[in-house]
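Where does the ligand sit, and what surrounds it?

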Amino acid sequence: MLITFEGIDGAGKSTQVSRLQEHLQNQGRVVLTLREPGGTPEAERIRELLLESRHDFTPVGELLLFAASRAELLRKVILPALENGTDVILDRFFDSTTAYQGYGRGLDLDMLTEVNRIATGGLCPDVTFYLDLSPEEALLRKFSEKSLSLDFDAENLDRMESSGLDFYRRVRDGYHALVAASRKRIVQIDARLSPSVIHQIIISCLDSIDPVTGYRP
Ligand SMILES: Nc1ncnc2c1ncn2[C@@H]1O[C@H](COP(=O)(O)OP(=O)(O)OP(=O)(O)O)[C@@H](O)[C@H]1O
Ligand SMILES: [Mg+2]
């Protein structure tokens, strides 16, 4: 099964990914957890390029780098794992491209769909958990996290995080549009709930999925 997590930076994806991984492993399932961009040596190099603030890519350049990273990860890691019966949990997948590069940066959505299709070879998650949080609340979380570190200053924000609140508002709007268009696949969860409550919602949703047909009531 391929499970993906989506949401703006600071929404709580990594927190839930690690809880879910532990839960599934306790059930005796073999689980592979990956985050995008990255996951192979080549894709990790692309991740560094994308997140370093000294680089200033054009939106299309950024899009193609994300797609290149995804194409590597998918073909070298995700597909072989799924073929082995491993459950794969992804911290971000192609919905992030639509939300960030499409709604956030304003790239043409049809072009994005085509690039996503090429990068993923048409592979779609069985279920996607979208953690919904306002940019203001997300930023507060990130600041309280970073201000705990000794070398905190504004330059500590990575290239995405320093893109501004308006950018993140557009990204959130994009996620809402994706949820509306893919209600069968994407489950929206209020990210202001406690980590434990969110985890419970995720588990009950996964438990309700029919293992053969993938049907979710
Ligand atoms: N449900 C929650 N309620 C309150 N705080 C939370 C919740 N989930 C996570 N946090 C805290 O918010 C911060 C961001 O969480 P996390 O790193 O899981 O988010 P993320 O979506 O993975 O962010 P990024 O996209 O930047 O990787 C962390 O300090 C985490 O402890
Ligand atoms: Mg994270």
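Ligand 1 takes up the space of the largest pocket. A molecule counts as sitting in a cavity or pocket if more than half of its atoms lie within 2 Å of its grid points. The model is predicted, so local features need pLDDT of at least 70 and side-chain atom pairs count only at pLDDT 80 or more, while totals for chains, interfaces and linings use all residues. Residues are numbered from 1 along each chain as its sequence is written, chains are lettered from A and ligands numbered from 1 in the order in which they are written, and side-chain values use heavy atoms, with hydrogens and water left out.

The shell of ligand 1 holds 17 residues, and K13, S14, T15, K142 and L193 come nearest; a residue is near if one of its heavy atoms lies within 4 Å. By class, this shell has six nonpolar, five polar and six charged residues. Here Ala, Val, Leu, Ile, Met, Phe, Trp, Tyr, Cys and Pro count as nonpolar, Asp, Glu, Lys and Arg as charged, and the others, Gly among them, as polar.

| Residue | Protein atom | Ligand 1 atom | Distance |
|---|---|---|---|
| G12 | backbone N or O | oxygen | 3.0 Å |
| T15 | side-chain N or O | oxygen | 2.5 Å |
| R141 | side-chain N or O | nitrogen | 3.2 Å |

Taken alone, ligand 1 exposes 630 Å², and the protein buries 73% of that area, as computed by the Shrake-Rupley method with a 1.4 Å probe. Two or more residues of the shell come from each of α1 (13-26), α6 (135-146) and α8 (195-207). Helices (H or I, at least four residues) and strands (E, at least two) are DSSP runs, numbered from the N terminus.

A pocket is defined on a 1 Å grid over the protein atoms alone, as an open set of points where a 1.4 Å probe fits, with protein on both sides within 12 Å along at least five of seven lines; its lining residues have an atom within 4 Å of a point. The largest pocket has about 710 Å³ of space. It is lined by 33 residues, with D9, G10, K13, S14 and K142 closest to its centre. This lining divides into 12 nonpolar, eight polar and 13 charged residues.

The second largest pocket has about 280 Å³ of space. Its 17 lining residues include F94, D95, T98, T113 and N116, which lie nearest its centre. At least two of the lining residues come from each of α4, α5 (109-120) and α7 (165-181), and α5 gives the largest share, five residues.

Two backbone features remain. E36 and P37 are joined by a cis peptide bond with omega about -15 degrees, and P37 is in the loop between β2 (31-35) and α2. R92, not a glycine, has a positive phi of about 85 degrees; R92 is in the loop between β3 (87-91) and α4.

How values were computed:
Polar contact = N/O pair within 3.5 Å; in protein donor to acceptor, adjacent residues only side chain to side chain. Points joined across faces, edges and corners; volume = space filled by probe spheres on them.
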